[in-house]
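Subject: Structure handover

Hi,

Here is the structure I promised to pass on. Please open it first, then read my notes alongside.

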Amino acid sequence: MENKKIMVTRSSMPDFEEYVEMIKSLWETHWLTNMGNYHKQLEAKLTEYLGVPYLSLMVNGHMALELAIQAMGFPEGGEVITTPFTFISTTHAIIRNKLVPVFCDIKVSDYTIDEECIEGLITEKTVAILPVHVYGHICSVKKIQQIADKYNIKVIYDAAHAFGESVDGVGVGNYGDASIFSFHATKIYNTIEGGAVAFREESLYKKLYNLKNFGIRSEVLVSDIGANAKMNEFSAAMGLCNLRYVEQNVIARKALVEYYIQKLSGLPGIRLCLYNDEEITYSYGYFPVLFQADIFDQSVRDKVYERLREHNIYSRRYFYPITADAACFKNKYKEIPLENARNVSDRILVLPLYPELEYETVDKIVCLIQKSLEEIK
Ligand code: T4K
């Protein structure tokens with residue numbers, strides 16, 4: 001076991017034969033992309049699975065977000081209130097749409113945007129709120145909607161981490177004006193690369209269909225400045241296979257999370273994500289641990305990270321640094337106190353989690369963390 005690399009995650013895949021059987025027909029049709037049969041089938045299946053009114057499949061989660069924002073038609077320079085505690089994609093998607101990110105601090109309880117801070121950031125330029133259901137923790141969707149209604153602004157959720165989750169039985173993609181999902185190889189459900197936008201207004205379907213296909217309406221009419229964001233047939237075929245196993249994978253992940261919690265909960269100064277809000281059905285995509293400031297100094301997280309690496313265990317610092325501090329746009333946008341986001345980002349470590357992870361490996365990870373903390377004290 002010592003020499004085997006343990007990564008933070010591992011793509012779920014169907015049996016080789018199952019996938020090959022699925023893609024055989026592509027050699028007959030030679031139809032490989034541009035909204036083929038598997039694209040249509042997967043779009044319909046995911047609409048049902050996620051329990052959303054409408055859904056548009058995309059080439060990846062990032063393009064889903066970029067195009068969902070573009071589809072809203074915001075004026076250039078509009079401000080979007082968003083979290084800096086996320087993958088860089090969230091912030092890039094705002095800026096690449098010629099909009100301005102206004103970073104809002106997060107809550108230490110679940111690392112999602114602090115809804116109490118949103119209203120204070122609204123100006124006459126605000127066009128939208130873009131929160132992230134980070135690690136599958138669902139944002140305060142009701143409060144956020146109240147704020148959006150009061151100021152007549154849009155809400156677009158980055159739900160890349162929340163595939164298949166629900167609040168009180170309602171699929172998470174039903175909240176806001178649109179939600180995007182990622183089906184990247186590293187996610188609980190993958191189409192190799194892939195993503196989708198879920199939304200409520202039927203008119204958005206045509207808009208997104210256009211935008212993901214260069215804005216082409218007909219052989220002679222290009223009506224929008226679109227992109228190429230179509231999911232190809234090999235990805236859609238993978239998605240159809242993988243969808244058969246998502247639920248069993250989530251069960252395996254849940255059991256591993258519970259095991260981690262049982263093993264780690266005695267350790268002083270470690271804060272765990274308990275995934276225990278009874279209203280939420282979780283998908284257990286990530287298992288982050290936070291080394292608390294009252295017990296440990298800031299260097300602890302990196303020491304544990306290094307110690308695990310020495311033993312071929314590759315945990316990840318998702319998400320460090322916060323996106324507001326990314327080299328490409330540091331100091332370019334409004335300076336807003338982001339104390340919680342920076343503190344969490346400096347102290348968080350995401351541990352390996354995937355359905356086939358062995359319990360023995362969890363034991364080893366816990367033991368290594370324990371030893372590092374004892375040495376540090
Ligand atoms: N919004 C949020 C909140 C997101 O987290 C993401 C993506 C997006 C939007 C954008 O969605 P996409 O456009 O990606 O669909 C990874 C993923 O590339 C990215 O999808 C994900 N979030 C982000 C949190 O993590 P890296 O740079 O950490 O990936 P990488 O290559 O280091 O892979 C991590 C581990 O996963 C590897 O150590 C092993 C395993 N792995 C990786 C690949 C690529 C596999 O088992 N199979 C694979 O094919 O970014």
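Start with E18: at 18% relative accessibility, it counts as buried. The terms work like this: buried means under 20% relative accessible area, exposed means over 50%, and partly exposed is in between, with a 1.4 Å probe and protein chains only.

A word on the source. This is a predicted model, so local features need pLDDT of at least 70 and side-chain atom pairs count only at pLDDT 80 or more, while totals for chains, interfaces and linings use all residues. Residues are numbered from 1 along each chain as its sequence is written, and side-chain values use heavy atoms, with hydrogens and water left out.

**Salt bridges**

Which residue does E18 form a salt bridge with? The partner is R244, and the closest N and O atoms are 2.4 Å apart. This pair links distant parts of the chain. E18 sits in helix α1 (residues 16-29), and R244 sits in the loop between α8 (233-243) and α9 (246-264). They are 226 residues apart. R244 is partly exposed, with a relative accessible area of 48%.

A salt bridge is a side-chain nitrogen of Lys or Arg within 4 Å of a carboxyl oxygen of Asp or Glu. Helices (H or I, at least four residues) and strands (E, at least two) are DSSP runs, numbered from the N terminus.

The structure holds 20 salt bridges. Among them is E258 with K254, where the closest N and O atoms are 3.2 Å apart. Both residues lie in helix α9, four residues apart, which is about one turn of the helix. E258 is partly exposed at 44% relative accessibility. K254 is partly exposed too, at 35%.

D325 also forms a salt bridge, with K330. Their closest N and O atoms are 3.7 Å apart. Is D325 buried or exposed? D325 counts as buried, at 18% relative accessibility. K330 counts as partly exposed, at 44%.

Salt bridges can also join up: K207, R217 and D224 are linked in a network of them.

**Strands**

Look at strand β2 (residues 79-82) next. E79 and I81 point one way, V80 and T82 point the other way, and all are buried. β2 pairs with strand β3 (residues 100-103) in the parallel sense, over four bridges. Two strands pair if DSSP finds at least two bridges between them. In this pairing, E79 stands opposite V100 in β3.

Now strand β15 (residues 348-351). I348 and V350 point one way, L349 and L351 the other, and all are buried. Four bridges join β15 to strand β14 (residues 287-291), and the two run antiparallel. P288 stands opposite V350.

**Surface patches**

Patches are made of residues with over 30% relative accessible area and no salt bridge; like charges are joined within 9 Å, and nonpolar side chains (Val, Leu, Ile, Met, Phe, Trp, Tyr) within 5 Å. Accessible areas come from the Shrake-Rupley method with a 1.4 Å probe, and for residues only the protein chains shown count as cover.

Which residues form a negative surface patch? They are D168, D277, E278 and E279. Lys and Arg count as positive and Asp and Glu as negative; His and the chain ends are not counted. The place of a charge is taken as NZ of Lys, CZ of Arg, CG of Asp or CD of Glu. E279 is in the loop between β12 (270-272) and β13 (280-281). E279 is partly exposed, at 40%.

A nonpolar surface patch of about 250 Å² is made by F214, I216 and V222. V222 lies in strand β11 (residues 221-222). V222 counts as exposed, at 55% relative accessibility.

**Backbone details**

D168 has a positive phi of about 50°, although it is not a glycine. D168 lies in the loop between β6 (166-167) and β7 (170-171), and is partly exposed at 48%. F214 has a phi near 65°, again a positive value in a residue other than glycine. F214 lies in the loop between α7 (203-211) and β10 (216-218), and is partly exposed at 38%.

Finally, the cis peptide bonds. The bond from Y318 to F319 is cis, with omega near 10°. The bond from Y320 to P321 is cis as well, with omega near -10°. F319 is in the loop between α10 (300-310) and α11 (339-347), and P321 is in the loop between α10 and α11.

Best wishes
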